[in-house]
2 protein chains.
Amino acid sequence: MSEDESIVYIGRKPVMSYVLAVITHLNRPDAKEVMLKARGRAITTAVDVAEVTRRRFMSDLTVENISIGTEELPQEVGGTRAVSTIEIKLKL
Amino acid sequence: MSEDESIVYIGRKPVMSYVLAVITHLNRPDAKEVMLKARGRAITTAVDVAEVTRRRFMSDLTVENISIGTEELPQEVGGTRAVSTIEIKLKL
């Protein structure tokens, strides 16, 4: 599995859409981990995805690492706006 | 500083209210760390509080640890509802 394929970007879809994406990734023969990436309000969804996947579907899954940060997003009106980000690494 | 005093519970107030609470805690002579706790939609706010405090006000502050979990909240209609939680430990 290449690095890109093992990243699930969390956005505005329902939690279960991303849970399904995570499970699909991890069911590949050589897949051992997946990274969830989110920013802004999707941060809560990312935590939900990690928790629902782990509790309801894959009890062997562990949270390997969580990191937070800030991205500067360019604004249409000019300038930038700071938005918080999260990365959650899940490992089988 | 006792354990209780070093916890900041993040809710629905503006980010800057909690940033101020964190800074106030850490400006005590013997305070070296503070724990942010949040659940549900306030998770995003907790990440914002950590990032804004660190980037704008206290550049020596580091993220010591982040953990996520699930709480079962009792419902008025009976039964429980699962809600995601986050704990962010900040250290000077």
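Me: Let's count two residues as in contact when their C-beta atoms, placed from the backbone, lie within 7 Å. How many residues of chain B are in contact with chain A?

Reply: This is a predicted model, where local features need pLDDT of at least 70 and side-chain atom pairs pLDDT 80 or more, while totals for chains, interfaces and linings use all residues. Residues are numbered from 1 along each chain as its sequence is written, with chains lettered from A and ligands numbered from 1 in the order written. On chain A, 15 residues take part, and the number from chain B is 15.

Me: Which element gives the most to the side of chain B that touches chain A?

Reply: Elements here are DSSP runs numbered from the N terminus (helices: H or I, at least four residues; strands: E, at least two). Those giving two or more residues are helix H2 (42–57), strand E3 (62–74) and strand E4 (80–91) of chain B. With seven residues, the top contributor is H2(B).

Me: Which strands stand at the edges of the sheet in chain B?

Reply: The open sheet has four strands in the order E1-E2-E4-E3, with mixed pairing (a pair needs at least two DSSP bridges). Each edge strand has a single partner, so one side of each lacks a neighbour in the sheet. These strands are E1 (7–9) and E3 of chain B.

Me: Which residue stands opposite Lys37(B)?

Reply: Strand E2 (residues 33–39) of chain B pairs with E4(B) in the antiparallel sense, over seven bridges. The residue facing Lys37(B) lies in E4(B). You'll find that it is Glu87(B).
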